[in-house]
Amino acid sequence: MTDARMPIWYHPLYTDGIDEEARFPRERYRILRERLRALEAEGIVSIELPDPVDPQVLKIAHEDDYVDRFLGGGLTRAEIRRIGLQPWTDSFVERTLRIMGGSVSALEHVLTHGGLSGNLAGGTHHSHRGFGSGYCVFNDLSVCALLARDRHGCSRVVVLDLDVHQGDGTATILAGEEGVVTISVHCAQNFPFRKTFSDHDIAVESGVGDDEYLSFVDDAMALVEQYEPELLLFQAGVDGLAQDALGRLELSREGMRYRNKRVFDYVLDNEVPCVVFMGGGYSKPIDHTVDSLFDLFRGAANANSLLP
Ligand SMILES: [Zn+2]
């Protein structure tokens, strides 16, 4: 039987490993973790501390040289600028390894026990095989997809990316990988401006609201159903919210909840193991983002508690 409590991996370094002066809204992790105490009290969520990932594991999806240079402080200034979480802190490497560890632990949990799990960070879909980009150092979605296939024997893995930005790094890393399918629903007029090719790209025009957006999500879910995945990796960024500073879509909090419900209903109906990766969210103030992320993890935890 599935544990009624959905585990979510979180570490204080998710916030503290980013410099206070960085433009990135680092407090979203800490605030969200506090909000999740309500779900712990309800008995539907447990918070787990991630260990740093074994760096060798990263090399399943990344060039050895890139992994080694990142760990050794050997990235060039241009490479660091492209990642964008500047100024870097002493604990940035450990933060990165713990986030990747959280995603891998969340993966191993659902492959062992079924149900859902989550990481209170990650969904780092702009990271490519040999370089980082757009706040993403390593690509946890790709690492998890390839680990699931190569070390856990999953023959059909779907990466469903509903963040408002295209999962460009995931698309290139996983291109041509047998048994792994990438689906990205994103805003056409948004970063990355040079799009790559997922197995399925659904590009939404900027300014689109709930109804039209949800019809695209239905299209994406029809594709998911067609593949009958043994594992679903869900990049659940909430930066499509109307209040998001980087989004360019006009989704409401309620629309975002419906979006997630469509995914979790599928997971429930088909009892597919599913990992939820937090992804983007940059509203100003950050409250709108945190509200939607709270809804996301509540929706996932509710679904998990309903599984047999
Ligand atoms: Zn995003």
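Residues are numbered from 1 along each chain as the sequence is written. Because the model is predicted, local features need a pLDDT of at least 70 and side-chain atom pairs count only at pLDDT 80 or more, while totals for chains, interfaces and linings use all residues.

The protein contains 12 helices and 8 strands, where helices (H or I, at least four residues) and strands (E, at least two) are DSSP runs numbered from the N terminus. Its C-alpha atoms fill a box of roughly 45 × 40 × 40 Å, taken along the principal axes. A compact globule of 308 residues would have a radius of gyration near 19 Å, and the 17 Å of the protein agrees with this; the radius is taken over C-alpha atoms, and the globule rule is 2.2 Å times the number of residues to the power 0.38. Of the 308 residues, 51% are buried, a residue being buried if 20 or more other C-beta atoms, placed from the backbone, lie within 10 Å of its own, exposed if 12 or fewer do, and partly exposed in between.

The peptide bond from glutamine 86 to proline 87 is cis, with omega near -5 degrees, and proline 87 sits in the loop between helix H6 (77-83) and helix H7 (92-113). The bond from lysine 284 to proline 285 is cis, with omega near -5 degrees, and proline 285 belongs to the loop between strand S8 (274-277) and helix H12 (287-306).

Tyrosine 135, although not a glycine, has a positive phi of about 70 degrees; this residue lies between strand S3 (116-119) and helix H8 (140-152), in a loop. With 18 other C-beta atoms within 10 Å, tyrosine 135 is partly exposed. Arginine 248, not a glycine either, has a positive phi of about 75 degrees, and it is buried, because 21 other C-beta atoms lie within 10 Å.

Helices H11 and H12 have axes that come within 10 Å and cross at roughly 25 degrees, with axes fitted as lines to C-alpha atoms over the stretch in contact and angles running from 0 to 180 degrees between N-to-C directions. The two helices are therefore roughly parallel, a description that applies to angles under 35 degrees. Among the residues making the contact are Phe264 of H11 and Leu296 of H12, contact meaning C-beta atoms, placed from the backbone, within 7 Å.

Notes:
Angles under 35 degrees count as roughly parallel, over 145 as roughly antiparallel, 65 to 115 as roughly perpendicular and the rest as oblique. Two residues are in contact if their C-beta atoms, placed from the backbone, lie within 7 Å.
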